[in-house]
Amino acid sequence: MNKEKLILQLKEIDAIKFGSFILKSGIISPFYIDLRDIVSYPLLLDAITDMLIENVQDKEFDIITGIPYTALPIAALVAYKLNKPLIYTRKEEKVYGIGKKVIGNFKKGVKCLVIDDVITTGESKIEIAQSLEKEGIIITDFVVIVDRSANGEKFLKEKGYQLHSLITIQNIITTLTEHNLISKYKQKEVEVFIQNKQKEAKVGFLQQADFSHNPLTKKLYNLMKEKESNLILSLDIENQEDFFSILDKVGNEIVMLKTHIDIIKCFNYDFIKKLTEYSLKYDFLLFEDRKFADIGNTVRMQYRSGIYKICDWAEFVTVHLIAGASILKGLFDGISNRSSFLLASMSTKGNLINDAYTRKVIEIGKDHKEVVSGFIGFGQNEDEVRKLKRKIPSGFLLLMPGVKLEKGSDALGQTYISVKSAVRAGADCIIVGRGIYQQRDTKEMAKLYRDTAWNEYVSIQRNAY
Ligand code: S5P
């Protein structure tokens, strides 16, 4: 099998995916290589093992190992075909029995070929080599199916190892482009991602801003950068005087203000005038959390008319997609420079949103990027947030409510995840209400939330390259 055919077959079995993925290293990647299912395609498996053998035919080695789980059955087949012994290490530390680290029979001083499915940074390859070397095994060569890194080969070479690969991410992009199996946008996104890694310079969210397709998403990203803040204040205060007095204290700290306009007492349109002035004075965007959820014709009127005329002043609104994509049409048809965040999951105990609903919301959002800037989502812990984040394509923001300095809950079903966990696991912005405005020193508290969230965000993005 040649490289091109291999790539097309891997694409066909969905082993090459495009989207937004958090890798083991914390890198947020626009593509993901998942070769686990290869074992279920015997002809493909056979061809891959032949290609691996061809790739290392002039190399000297006595035994073979495969890194569990994905590469172990592949290595077993290679070993069988070459009539060479197989050894392997446990993925999990063995805590009972004889505690043998390496399984299989070998003599000290043997040369071992290491097979793995993918190389990303090369760091885990070094760890594996070192653990085998401790057992008296000599490692010189690694062979992988996909080299998805920009400089893994160079990295291994510096440490004294040779890397061989069947295909690289560049090969994949070239072949998929030739066969029209990847959009221009994705192609560019992956190329920039690879380049950036080489330069180790740009932070992830700058890149996201370049790729966002929606001017308001871009505006928000750019304002985050400029203000160095990913804090959204949820100012659920009924009294107008208190509302603006808090805003005077925290306006400089926030990138966006989230309102529930229908809770404001004695509302008249002067409130909106003042609110708009504040947003210009302190440079934050306006986000009305109206959570539109009705049929297109109704939301259209709710958005544009009535006493609040939300469409006139709020750059962003929230949408419950329960009635389907027609809500978006009802809201935004004929309107420019307005966008939304879709509720993908919620922070309340016992809410009715399930995985399938979340997935569907994200799918619809993806198809309406001109009026959708991202998603409101929540996870009880970092794993849940990561799982959600993985589903969200790049160029869309994940805003997270239910955030406080520490994990917790309130008496009415709200649950909270900590700021650090939320951002570390994938939230682009945090939405904080009572954690700030109910505290004695609102200004200091807002600063603390802002610094904690932003520092975490920047550190994640830096580590991404
Ligand atoms: O799932 C959600 C979605 C939203 S938009 N959970 C939420 O709490 N929110 C909103 O975030 C909610 O309407 C409120 O305005 C804010 C959280 O406020 P806090 O005081 O609990 O931080």
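Arg148 is buried, yet this residue forms no salt bridge. The side chain of opposite charge nearest to Arg148 belongs to Asp147, 7.5 Å away. A salt bridge needs a side-chain nitrogen of Lys or Arg within 4 Å of a carboxyl oxygen of Asp or Glu, so the distance to Asp147 rules one out. The model is predicted.

Which side chain makes a polar contact with that of Arg148? The partner is Ser29, and the contact spans 2.9 Å. The backbone also takes part. The side chain of Arg148 reaches the backbone oxygen of Phe31 at 3.4 Å. Arg148 itself lies in a loop. This loop runs between strand β7, residues 138-147, and helix α5, residues 152-158.

The chain is assigned two domains: domain 1 covers 3-200, and domain 2 covers 206-464. Their centres, taken over C-alpha atoms, are separated by 40 Å.

A barrel is also found in the model. Strands of a sheet pair through backbone hydrogen bonds, in either a parallel or an antiparallel way.

Strand β9 spans residues 231-234, and strand β10 spans residues 256-259. Three bridges join β9 and β10 in the parallel sense. Which residue of β10 stands opposite Ile232? That position is held by Met256.

How values were computed. Residues numbered from 1 in each chain as written. Predicted model: local features only at pLDDT ≥ 70, side-chain atom pairs only at ≥ 80, totals over all residues. Heavy atoms only, no water. Helix = DSSP H or I, 4+ residues; strand = E, 2+ residues; numbered from the N terminus. Buried < 20%, exposed > 50% of the residue type's maximum accessible area, 1.4 Å probe, protein only. Lys, Arg positive; Asp, Glu negative; His and termini not counted. Polar contact = N/O pair within 3.5 Å; in protein donor to acceptor, adjacent residues only side chain to side chain. Pairing = 2+ DSSP bridges. Domains from an automatic or database assignment.
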